[in-house]
Structures are given as structure tokens and as C-alpha cells.
Amino acid sequence: MGMPDHIVVLDAFTANPGDLSWDALAALAPLAAYDRTAPGEIITRAAVASCVLTNKTALSAETIAALPALRYIGVLATGYNIVDVAAARARGVVVANVPAYSTSSVAQVVFALLLELTHRTGHHANAVREGRWSACPDFSFWDGSLIELAGRTLGIVGYGQIGRAVARIALAFGMKVIAAKRDGRAGHDGEVELVEMETLFRSADVISLHCPLTAQTQGLINAERLGWMKPTAFLINTGRGQLIVERDLAAALDAGRIAGAGLDVLSVEPPPSDHPLLAAKNCLITPHFAWATRESRARLIDVATKNVRAFLAGTPQNVVN
């Protein structure tokens with residue numbers, strides 16, 4: 001028998017700021033849950049851990065090599081680009097993620113962003129609070145043009161679970177839905193038409209990004225593809241910030257080449273105060289909170305715990321490497 005199992009959670013706070021419990025995880029093995037862990041603290045804190053759970057604390061090849069007891073990495077998220085999965089595989093360390101826990105919450109935020117861009121509900125509510133309605137000679141007023149979604153085309157890049165959930169909501173709004181086809185498969189998926197990437201960019205009124213961050217998708221949204229978009233089109237990103245070349249998007253927004261953007265993710269989080277998109281025209285940015293409803297975080301912790309239990313039982317699940 002090797003050493004007894006120990007579990008360390010490196011960055012417990014975002015998943016559980018205190019409104020949920022780690023008790024089910026603690027029942028599996030001795031547990032140390034840290035709210036946040038600086039890069040220089042990882043090796044000390046995880047020295048005896050066989051199971052390390054991380055959300056956004058990076059586990060590089062060097063860090064993995066410096067943790068001799070490590071046998072399992074649990075990512076408290078669906079995207080796992082924070083872990084050097086190849087280095088883990090080479091060391092025989094299992095890496096597991098939590099798929100699909102946030103699907104409904106993220107899909108909901110896609111439309112929270114889109115509705116704010118098309119109806120500017122928050123902006124108008126603030127205008128009323130500032131006294132502009134009280135001072136208005138008419139029974140109704142609005143700033144700029146208000147846009148109806150029915151009849152417009154939503155283009156989905158990354159037609160997985162979240163992409164499909166977004167498609168269902170869009171269809172309920174009366175939108176036409178197209179999705180970028182993978183592996184050359186044309187045709188339809190129910191009411192959703194699968195099209196070439198360039199066709200999608202040129203014909204969509206709204207483009208929503210749901211693809212994972214890979215070497216192929218990094219910088220997917222660049223000056224060329226932004227140039228394909230209609231000047232009236234909106235871009236929504238609830239995936240990963242690095243899918244977008246952010247300077248190109250800022251330039252396109254400021255020049256009016258596209259109508260607006262709604263982003264819940266940026267390439268650096270939190271962003272530096274001089275980030276090019278913070279001051280870009282008609283750019284709505286929320287603080288990577290789409291996944292964070294209490295219901296979604298409860299599912300996250302539940303599945304992450306089941307992943308550890310399955311690993312300790314010798315039947316690992318949701319393995320990504």
C-alpha cells in the first residue's frame with residue numbers, strides 16, 4: 001500500500017464562497033480546502049496530496065513534476081486548459097473535469113447579454129432612476145434603436161451542450177439558428193442549419209461562441225473574421241477570452257464595423273485597467289459569472305466529489321487525458 005489519500009482544493013472560494021459545503025468531499029479522505037493559492041504556495045500545500053482540485057490555479061509540467069504523491073487532478077470546471085494534461089499523462093496522473101454542470105446558467109447569460117445589447121434594459125432603468133422619464137414630455141422614451149430578436153439569425157460557433165441549449169432558447173425567441181459545422185458535416189440538426197464558418201460569420205445577426213480553447217480556436221475571432229460580420233451584428237462570448245484577438249475586436253467596435261459585443265470572459269482575468277475592451281464602444285463586459293449560479297455551483301461540487309470517489313474506487317470518470 002502507498003501513502004493514505006489526501007485531498008487539497010487549491011482555490012475553493014469561487015466555487016464555494018461559503019453558501020455550499022465540502023462535507024461530502026471531506027468524507028472521502030482528509031481534506032484541506034484553501035480559498036486561494038498563489039503560484040508559489042502550490043507545492044507546499046499539495047506536497048502530500050494524492051488528489052488536487054483546481055479551478056483556475058495553473059498546474060504546469062514543472063509543478064506536476066514537483067508533487068510526488070500526486071495521482072489525480074480534478075478540475076472544478078468544464079474547460080481544463082489550466083492543467084498541462086500531457087505532462088500529467090506522462091506522469092500517470094489522471095485529469096478529470098466536470099462537464100455540463102453550468103449549461104443552463106451559461107445559456108441564460110448569453111441572452112442576458114444579448115437582451116441588454118438589443119433592448120438596453122439596465123441602461124433605460126438607470127435613465128428612469130436619474131429622472132429622465134419624469135422629465136419627459138411623452139409617455140415613453142428610448143435611447144438609440146431597440147431591436148427585436150424574432151426573425152434574426154443566431155450563429156453558434158461550438159455546437160456542443162451549451163451551444164445546443166442556446167439554440168433552443170433562440171428558437172423560442174423566433175430566431176433562425178445556424179451553427180458552424182464540424183468535420184465537414186453539412187445539413188441540419190432539427191431546426192438548426194449546419195454551415196461553413198465563413199457563411200455563418202457573413203449571415204448571422206448575432207454570433208455566440210461556445211467552442212473550447214485549443215490551439216486551433218485560439219484567436220479564432222480576428223480582424224479578418226470580424227470583417228466578414230455585418231455592421232449590425234453582435235458578438236457574444238461566454239466561452240474563453242483567448243478565442244478573441246481582443247485588440248482586433250476593440251478596433252472593430254470603435255470603428256463601428258460591428259454593432260456591439262457582450263463578453264463574460266477576457267484573456268486575462270481580472271483584466272488590467274488599461275485592457276483595450278474596457279473602453280471599447282458598445283462593449284458589455286461581465287466578470288466571468290455566467291457559470292456561478294448557486295444551482296450550477298452545487299452541481300459542480302457534487303460531480304467533482306463523485307469524480308474523486310470514482311477515482312479512489314479505481315473507476316475514474318470524466319477523464320480528459
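Gly314 comes after helix H11, and its phi is positive, near 85°. A word on where this comes from: the model is predicted, so local features need pLDDT of at least 70 and side-chain atom pairs count only at pLDDT 80 or more, while totals for chains, interfaces and linings use all residues. Residues are numbered from 1 along each chain as its sequence is written, and side-chain values use heavy atoms, with hydrogens and water left out.

Helices here are DSSP runs of H or I with at least four residues, strands are runs of E with at least two, and both are numbered from the N terminus.

Now H11 itself, residues 294-312. How far apart are the end C-alpha atoms of H11? They are 27 Å apart, which agrees with the 27 Å that its 19 residues should span at 1.5 Å a residue. The expected span is 1.5 Å times one less than the number of residues.

Several residues of H11 are buried, among them Leu300, Ile301, Ala304, Val308 and Phe311. Buried means under 20% relative accessible area, exposed over 50%, and partly exposed in between, with a 1.4 Å probe and protein chains only. The cover over these buried residues includes strand S1 (7-9), strand S3 (51-54) and helix H5 (103-119).

That brings us to H5. Two packed helices are described by the angle between their axes and the distance between the axes. H5 packs against helix H7 (residues 161-172) at an angle of about 50°, with the axes 9 Å apart. Axes are lines fitted to C-alpha atoms, for helices over the stretch in contact, and angles run from 0 to 180 degrees between N-to-C directions. H5 and H7 are therefore oblique to each other; under 35 degrees counts as roughly parallel, over 145 as roughly antiparallel, 65 to 115 as roughly perpendicular, and the rest as oblique.

Which residues meet? From H5, Val106, Val110 and Phe111 are included, and from H7, Ile162, Val166 and Ile169 are among them. Contact means heavy atoms within 4.5 Å.

Gly260 lies in strand S12 (residues 260-263), and at 0% relative accessibility Gly260 counts as buried. Its contacts, not counting residues up to four places away in sequence, are Ala233, Phe234, Leu235, Leu253 and Asn282.

His275 lies in the loop between S12 and strand S13 (283-285). Is His275 buried or exposed? At 6% relative accessibility, His275 counts as buried. Leaving aside neighbours within four places in sequence, His275 is in contact with Glu246, Leu266 and Ser267.
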